[in-house]
Amino acid sequence: MEQKMEGFSENIINFLPDPTFAIDKNGIVVAWNHEMEAFSGIPAEEMIGKGNYEYSIWIFGKPRKILIDYVLHQDIITLKKIYPHLLIEGQKIFSEFTMTLSDGSLLYFWITASPILDSHGSIIGAIESIRDVTHQKKSQIKLMESQKYIGDIFNFLPDATFVIDLDEKVTMWNKAMEDITGVPSEKIIGKGEYEYAIPFYGIPKPLLANLILMPDEDLEKKYDEIIRDGDSLVAKICIPTFGIEGAYFWAKASPLYNSQGEIIGAIESIRNITEKVNAEIEIKKTISRLEQIINFLPDATFVIDLEGKVITWNKAMEEMTGVLSFQIHGKGDFEYAIPFYRERRPLLANLILWPDDEEEKRYASIIRDGDALIADFFLPTFGKDGTYIWAKATPIYDKEGEIFGAIESIRDVSKRKLARKNQKMQEKDLQR
């Protein structure tokens, strides 16, 4: 036997850390190391000299061919059917094997089998090593499950989002990013040299995520608006090269850290805000035209937006209240009520945006005329001796018919009220 296994050393095979055994070319066990004894529970003296595939009974419960036998017989077609996870390198064969225990749990093994050659290069037997990789495999499965979980969340994000590593190469590119750019993730993952900017700018150039890894003050100036929020960058920019007519984007980029707190990359989310910006531009144009119109109105008039903040305060309003337009523009929280009531409280325009039956009851007389509110009341807190007020408020619509604010006109009708009161007194005197 020693002549057949020339060059084979029992001491060496027993020194190997993995369970290992060897057979001769007739399938007879010629070596069964200490690790194999511990692993199988079968002493070497009981296995040495056995054939007819008995070395597989402890695994499968019956004798059958295993990886080491296919090294001798080279039946690759059958081998691939039995071992789906197979790697062949020359005469060596590698495979992953899974064993199900009685409790249903799984054990994973990495098996290596190769021929044993004599000094002339002829096959005289085969050797197989088995490594328990259950811990590594389960860790790998958990990692894959975790990555899938993260990937599912990443793809669920409504904003177009991508991730780059420290080499500034794309590692993640979500579904929303595919939709906004038309570039599938499989065509951009692994790409660097700013290739991910081409769908936006038509040329490769740094994006906000790159500024997280490599700050560049000159590049930051090219954004319409950019602010730092902790270690993040938030920006707005108009990209005329995007789409047919260009587009406005909001973007936020942040560093990504590993468990040791070291930066390992950057993530960027991008949102197309073209419709919102265009709507804001249109509203500004509308407000500008509105300001020009209401400044010519004889009645004191102001306009508030959907947040209840003043966007227009005309000349007549300045004269009535003594509050200049620049002092009240942009103010909310009912500050514009203070000149009239000496306290913050809703005015008629607020009731257009936020109807409130209890507030309406505070007016002595209030009527609805279509979508307008009209009130006639005495205001004791305004003027030296109080003031009789007539007010009208209506909603303001944009060109799409959506409400974007409310307008209120206020008229001092004290002279008219007092004139009518005097007239009635005179009529009573004449009747006496």
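Predicted model: local features only at pLDDT ≥ 70, side-chain atom pairs only at ≥ 80, totals over all residues.
Biologist: What is the relative accessible area of Arg-362?

Modeller: Residues are numbered from 1 along each chain as its sequence is written, and side-chain values use heavy atoms, with hydrogens and water left out. Buried means under 20% relative accessible area, exposed over 50%, and partly exposed in between, with a 1.4 Å probe and protein chains only. Arg-362 counts as partly exposed because its relative accessible area is 45%.

Biologist: With which residues is Arg-362 in contact, leaving aside its neighbours within four places in sequence?

Modeller: Arg-362 sits in the loop between α18 (357-360) and β15 (366-369); helices (H or I, at least four residues) and strands (E, at least two) are DSSP runs, numbered from the N terminus. Contact means heavy atoms within 4.5 Å. With neighbours within four places set aside, the partners of Arg-362 are Glu-343 and Arg-345.

Biologist: How many Å apart in space are Arg-362 and Ser-139?

Modeller: In sequence, 223 residues separate Arg-362 from Ser-139. From C-alpha to C-alpha, the separation in space is 69 Å.

Biologist: Why is the protein chain described as more spread out than a compact globule?

Modeller: The chain contains 19 helices and 18 strands. The globule rule is 2.2 Å times the number of residues to the power 0.38, and the radius of gyration is taken over C-alpha atoms. For 432 residues the rule gives 22 Å, and the chain is more spread out because its radius of gyration is well over that value, at 42 Å.

Biologist: What box do the C-alpha atoms of the protein chain fill?

Modeller: The box is taken along the principal axes. Its dimensions are roughly 150 × 50 × 35 Å.

Biologist: What percentage of the 432 residues in the protein chain is buried?

Modeller: Phe-21, at 1% relative accessibility, is an example of a buried residue, and Tyr-55 is another, also with a relative accessible area of 1%. Over the 432 residues, the buried share is 40%.

Biologist: How far apart are the ring centres of Phe-21 and Tyr-55?

Modeller: The structure holds 17 aromatic pairs; rings of Phe, Tyr and Trp (its six-membered ring) pair if their centres lie within 6.5 Å, and planes under 30 degrees apart count as stacked, over 60 as edge-to-face and the rest as tilted. The planes of Phe-21 and Tyr-55 stand at 40 degrees, so this pair is tilted, and the centres are separated by 5.5 Å.

Biologist: Which parts of the chain hold Phe-21 and Tyr-55?

Modeller: The two residues are 34 residues apart, and their pair links distant parts of the chain. Phe-21 lies in strand β1 (residues 20-24), and Tyr-55 lies in the loop between α3 (44-47) and α4 (57-60).

Biologist: At how many degrees do the ring planes of Phe-378 and Tyr-388 stand?

Modeller: The ring centres of Phe-378 and Tyr-388 are 4.7 Å apart. The pair is tilted because its planes stand at 55 degrees.

Biologist: Which strands hold Phe-378 and Tyr-388?

Modeller: Phe-378 is partly exposed at 38%, and Tyr-388 is partly exposed at 26%. They are 10 residues apart, in strands β16 (residues 372-379) and β17 (residues 387-397) respectively.

Biologist: What is the phi of Arg-342?

Modeller: Arg-342 lies in the loop between α16 and α17 (348-353) and counts as exposed at 60% relative accessibility. Although Arg-342 is not a glycine, its phi is positive, at about 65 degrees.
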